[in-house]
Structure formats: structure tokens, C-alpha cells
Amino acid sequence: MSPRMAALTRACADFDAMRALRAGLLVLLCLWLTVAVLFPLATLAVKSLTTPDGAFAGFDNFIRYFSTPSLAVSFGNSLFVSAATTLVAVSLGFAYAYALTRTAIPAKGFFLTVAMMPLFAPTLLNGIVLVYLFGKKGLVTTGFFGILPFGLDIGLYGAVGIILAEVLFVFPQAVLILTMALSMTDARLYEAAHSLGASPGRVFFTVTLPGVRYGLVSACFVGFILSFTDFGAPKVVGGFFNVLATDIYKQVIGQQNFVMGATVSMILLFPTVLAFLADRVSRRRQSSMIGARSVPLVPRPDPVRDRPFFLFCLLVALAVISFFLVAVFASLIKVWPYDLSLTLAHYDFSGTGGGGYRAFFNSLKMSAISAVAGTVATFSAAYLIEKSPGMRPIRQAASFLCIVPLALPGLVIGLSYIFFFNAPAFDLFGLHIPNPANALYATMGILVLSNVVHFFTVGYLTAATALGQLDREFESVSESMGVPFYRTFLRVTAPVCLPAILEIGLYFFVNSMATVSAVIFLYSADIPLAAVAVANMDDAGDIAPACAMSVLIVGANVAVRILYGLATKRLRRRTQTWAGKG
């Protein structure tokens, strides 16, 4: 065999080996997601088809649910609240992200940090602060305790309060996704549009919106399902306006009815199918926005455009900051609203339940591990699915498994993990099969796993949005030159997508620090957590200490955000030099 033929044979063998390696990694991804998501859900589904004593009940539990008028109404309430929340939050998030990426306004870093602040606190705090603002004795309702000649009663308890709280919860998620979609843009498209004499409005509707439609669709169904499945804010301000997520909480926590909780949990899986279909449709029509010859878009100063956007961002930032200042103020007041003198007594958690400062430091440890594990898992999954040639059935299966967690409330994950991980063995077809996953139960490992699964989809969609904008030419050229895909990933893909990677890591940390629902059934007495302590204190009526613990959580997340930005500033400059060329 000639040397040329031998080299060609080796190149083909290397190509086949790399393809086999990708296929193997995709299969492992599917297996991991199956064990972490589908097996627990299957256990939960079986539970929903049984009676409390374990006998098979068929669909009796579902029939009983929908035949109960008060419970059936919850489904319609959830749809209404989620649709309204998505419309408001995504609209605000798009305008905010547009200002950060397509204008020359100052203080963009400050505005982005402020926009992420609602992620830094448990969703219970959204409802609690709204009560301090718009409740019967709230600041706004009483005209700032009589300082103003009038107050404003918005009818907080019910749909209005839930929508306000959920908008605050969904807004940063929408900003995160849309900022990445809007930042990955080829300036040549805009230069061509301007040279053809297109008006700003025409450019927006023919270039900007089509270029970010995938990110916009992702933001919409992420916002819809996040608000559809949240229970923290509705628990505090929902009043008699029941939604599906609070039905689960009431069935499990209030009535210890795990069977009906499992039944309602299964009903919540329907939005998953809709989310998957929306994702598939938008992906098929997506075209790459960044190629090997792309020129980054650098916004030029335009006072007519920049001033309104700066004012908008400033008003939103002030509203968010004021929201958290009220939380700090409430945590320092002796007895709201009767004794407004300041005190630090609420930061002494010795007289309250939940674990105090030990819970706070446990949450820091859990969140750090979840951030590393979650970032590696989501970005690797998105890369394998988006950039692997062929293997369409495996990639579609993996993509569906990556989307499934988005439709699962944290309470559903907690319930399914209880049924699955707490079982030492399973009896299947007459066989007694040991359950090795049982070793994780009541450990830090199951808390980390629940966080990674709970927040997996948003991280995955963020990574997929960034990777989807990169032309496959990078991988094609690498393969033609015999460069292994993992080397291209480390030297090209990861550096270009570094902003997305950093934001995903921070997203996992702050959400793991603030989450309640994903861990409230899984934590043990030996591993108390800060966000769970907030829920316990709120249930016990210790509202001010709950605010104090929430302030500690927010303070820790803000500090990590600042340190994270400072530590990675130089790294960003070194790995993003491509953005300064053109």
C-alpha cells in the first residue's frame, strides 16, 4: 500500500473512531438522563395509578381530580396566569436584552447584574415582599404609612399577585436567553440592509426578529412553563386562586396525600410535549447567524435611540433594586408596621426552625458543586446534540430528554426522587432488582442531582442557542483536516461561547442557592438548607426572619456574581479577541 493510501486509511479510521466516540457519548447522555429523569418519573407514574395502600387503581385518581370542580379550575387558572406572565415578562425581557446588546447605553454590566437579581432569592420572597408592598398593611397600600394622602390597593391576593410575582421570576430567565440570542449577530446583514436604504423598522422586522426567533421561542416557552410550575409565589399571594403547583403542595404537605400529589404531577407533563414541538419547529427553520467570516455587530451611538432605552433600563433597574431594598428594610424592622425601629434580632435564627447559619453554609457548598456539575453537563449535552453529524434518532431522543425537566416542578422532582431513590430494590416481573441509586438518598449527592436536573433545560437551551448560531463550517473544516472534535471544542467552540458558559454556571449557582421546591422533600436533618429554612419560617409565621434569611441568600449570590465577574474579566478578554476584529 502506498504511503498516500495508508495516510488516507488512517484518516478514515480516525474519522470513524471520532464518530463512534460521539455516538457513545450521546448514548451515555441518554442513559444518564433516563436514570435521572425517566426512571423517577416512571416510579411517580406508577404511584399515580395506585391507591394509598398500593393497590392498582387505574385512572380513578385522574377522574377524581377532574371531577372535583375546585381542583379542575386550577388547570385553567394555571394556563391564564402563565400566559399573562409570559406575555409581560418576555416583552420586557426582549426590550431589556435589546438595550444591552443593540444600543450604546452606558452601565450595561450594572443593568445586566440587576436584571439577574430576582434569580438570587427564593420565589417565596417575591410573594413576601409584595405583601409588604401591596398587602393590607403594605407600604403602597397605606400610602407609606400615611405619609401620602392616599394609598393604592391593587387586590394583591389572587391572579394579580401571582402574575406580578411570576413576572419578576421569569424576567431574568428571558433576559438571559434573549441576550445570548441578540449578541450572536453578523454585522454584514445590517450593513447590507442599510446600504439598500431599509428603514430602522424594516431592518428590525426583516433582520433582527428573524435572527433571534429561535431564542424568542425558547424564552416564551421557558417563561410559560416556569410560571406554570412554580409554587412559591402562588403559595404566598395566591389566596383562594388555586393553581396546579399549589395543588401538589397542598396535597403532599397539607394532607400527606402522596398519591394525589403524584396524580397532579403527571397532569403537569402535558406542557412538555408542547414545548418539545415548539422547539423542534423553530430549530428546523433556524439558520446559522455566525460563520467563519462573520463580523461582530458593534452598536453605534444614537441619542434618539439610546436615551429611551437607557431610561427604560434605569426604571426597570430601580424597580428591581427597590424591591430588594424593601426586603432588607422588612428584615430590620422590629414589628411591622407597628414598631418601625431597626434591629438585627431577626438575623439571630436561634429561636426559629430551619437550621440557621448551618443551613446557609450547606447551601453555599451545594450550590458550588451544582454550578460546576450543571455547567459541564448542559454545555456538553448541547454540543453533542447540536454539533454531532448524523445519528438523528439518538440526538432527537437526547434533545427530548434535555427538555423534559423544564416541565417538572421542583415538587415533582422531589416526589419522584423520594419514590425512586428511597427504594432499596424494585420488584419487576417477579424479579427482585437491587437499586444502586438508593446510596444517594439523604446525601448531598441527591441534592446536587436534583438541582442539576431541575435547572438543566434552561442551561441546555442557553447553550444550544449560542451553539446554534455557530456555523457547522468550523466542525466540517476540523474534520477534513483530521482534527479531533474535542480539540475543536476546546480551542474554538468553548472560547467563542464563553459568555454563555459563564452565565450558565452562575445561573446554576444562584438557582441552587435559592431553590426551595426541588429540595424540600430531599433534605435531611443533617443537611439543612437556607431556602428551605425560609419556607419553614414562613409557614411558622416568622416572616421577618424569613426575609432575613432571604437577604443572606441574595447577598451571597450578589457577592458571588461580583467576584465571578472580576475573576473572569481577563479570561473573557483573552478568549473573546475574535469579537474585536472586523
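Reader: Is Tyr-65 buried or exposed?

Author: Buried means under 20% relative accessible area, exposed over 50%, partly exposed in between (1.4 Å probe, protein chains only). Tyr-65 has a relative accessible area of 0%, so Tyr-65 is buried. Phe-66, at 44%, counts as partly exposed. This is a predicted model: local features need pLDDT of at least 70, side-chain atom pairs count only at pLDDT 80 or more, and totals for chains, interfaces and linings use all residues. Residues are numbered from 1 along each chain as its sequence is written, and side-chain values use heavy atoms, with hydrogens and water left out.

Reader: How many aromatic pairs does a search of the whole structure find?

Author: Rings of Phe, Tyr and Trp (its six-membered ring) pair if their centres lie within 6.5 Å; planes under 30 degrees apart count as stacked, over 60 as edge-to-face and the rest as tilted. The search of the whole structure finds 22 aromatic pairs. One of them joins Tyr-65 and Phe-66, edge-to-face, at 5.3 Å centre to centre with 90° between the planes. Tyr-507 and Phe-508 have ring centres 6.3 Å apart and planes at 85°, so this pair is edge-to-face. Tyr-507 is buried at 4%, and Phe-508 is buried at 0%.

Reader: Which residues do ring pairs link into a cluster?

Author: The cluster holds Tyr-96, Phe-110, Phe-111, Phe-171, Phe-310 and Phe-312.

Reader: Which residues have the most contacts inside the largest nonpolar core?

Author: A nonpolar core is a set of buried Ala, Val, Leu, Ile, Met, Phe, Trp, Tyr and Cys residues joined through side-chain atoms within 4.5 Å. In soluble globular proteins, nonpolar side chains tend to be buried together. Here the largest core has 174 residues, and Tyr-96, Tyr-417, Leu-447 and Met-549 have the most contacts inside it. Helix 7 (residues 159-183) gives the most to this core, with 17 residues. Helices (H or I, at least four residues) and strands (E, at least two) are DSSP runs, numbered from the N terminus. The protein has 25 helices and four strands.

Reader: What does Leu-447 touch?

Author: Contact means heavy atoms within 4.5 Å. Not counting residues up to four places away in sequence, Leu-447 touches Met-366, Val-519, Leu-522, Tyr-523, Ile-527 and Leu-529. Across the protein, 79% of the contacts with a separation of 6 or more are between residues 24 or more positions apart.

Reader: What share of the protein is buried?

Author: Buried residues make up 54% of the 582 residues.
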